[in-house]
Amino acid sequence: MKRDEFIVVEGIHKNPNDINTLDEKSKIEHGPYNKIEAEKVAKGLIQKNIDNFYHRAWVINQDIELNNICEECKKEDESVKQNLIMHSYKICNSCNLAKTIFPL
Ligand SMILES: [Zn+2]
């Protein structure tokens, strides 16, 4: 069985709903933890920074961090990671858009 390896990333974002807008200079990584610990740490960080709208903390599975391959078109794309965090499926923005317009 594969071990759960989760890290928590916190920092200041230009758009707090988009992990790709995280300011590299403000980025702090915590962990690795297991999933439950990671979620606890992330929640604590979010509560601690509740007054800062641009501060976000994300739980990231390190296995996924290394893999940006879209499951639909098998192409590598930065948006895959983001969609996985936001919607929990591995899909690039162009496939995601195609799916939204032409649902299967
Ligand atoms: Zn795709």
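The model is predicted, so local features need pLDDT of at least 70 and side-chain atom pairs count only at pLDDT 80 or more, while totals for chains, interfaces and linings use all residues. Residues are numbered from 1 along each chain as its sequence is written, and side-chain values use heavy atoms, with hydrogens and water left out.

**The overall plan**

The protein has four helices and three strands, and along the sequence they follow the pattern β-β-α-β-α-α-α. Helices (H or I, at least four residues) and strands (E, at least two) are DSSP runs, numbered from the N terminus. Of the 104 residues, 34% count as buried. Contact means heavy atoms within 4.5 Å, and among contacts between residues at least 6 apart in sequence, 49% join residues at least 24 apart.

**The zinc site**

Which residues hold the zinc ion as protein donors? They are Cys70, Cys73, Cys92 and Cys95, each through its SG atom and lying 2.3 Å from the ion. Donors are N, O and S atoms within 2.8 Å of the metal (3.2 Å for Na, K and Ca); water is not among the atoms, so sites may look incomplete. The angles among the four donor atoms are 105 to 115°, and the site is tetrahedral; four donors count as such if all angles lie between 85 and 135 degrees. In sequence, the donor residues are spaced C-x2-C-x18-C-x2-C. Cys70, in the loop between α2 (62-65) and α3 (78-87), and Cys92, in the loop between α3 and α4 (93-101), are 22 residues apart and link distant parts of the chain.

| Residue | Relative accessibility | Class |
|---|---|---|
| Cys70 | 0% | buried |
| Ile91 | 2% | buried |
| Cys92 | 3% | buried |
| Lys74 | 59% | exposed |

Ile91 is found in the loop between α3 and α4. Leaving aside neighbours within four places in sequence, Ile91 touches Cys70, Glu72, Ser79, Val80, Asn83, Asn96 and Lys99.

**Backbone details**

Lys74 lies in the loop between α2 and α3 and has a positive phi of about 60° although it is not a glycine. Just after α3, Ser88 also takes a positive phi, of about 55°. Elsewhere, the peptide bond from Gly31 to Pro32 is cis, with omega near 5°, and Pro32 belongs to strand β2 (residues 28-33).

**The largest pocket**

How much space lies in the largest pocket? The volume is about 250 Å³. On a 1 Å grid over the protein atoms alone, a pocket is an open set of points with protein on both sides within 12 Å along at least five of seven lines, where a 1.4 Å probe fits, and lining residues have an atom within 4 Å of a point. Grid points are joined across faces, edges and corners, and a volume is the space filled by probe spheres set on the points. Of the 14 lining residues, Trp58, Val59, Ile60, Asn61 and Ile85 are the closest to the centre of the pocket. Helix α1 (35-48), strand β3 (55-61) and helix α3 each give two or more residues to the lining, and the largest share, six residues, comes from β3.

Technical notes
Four donors count as tetrahedral if all angles lie between 85 and 135 degrees; four count as square planar and six as octahedral if opposite donors are over 155 degrees apart and all others between 65 and 115; anything else is irregular. Buried means under 20% relative accessible area, exposed over 50%, partly exposed in between (1.4 Å probe, protein chains only).
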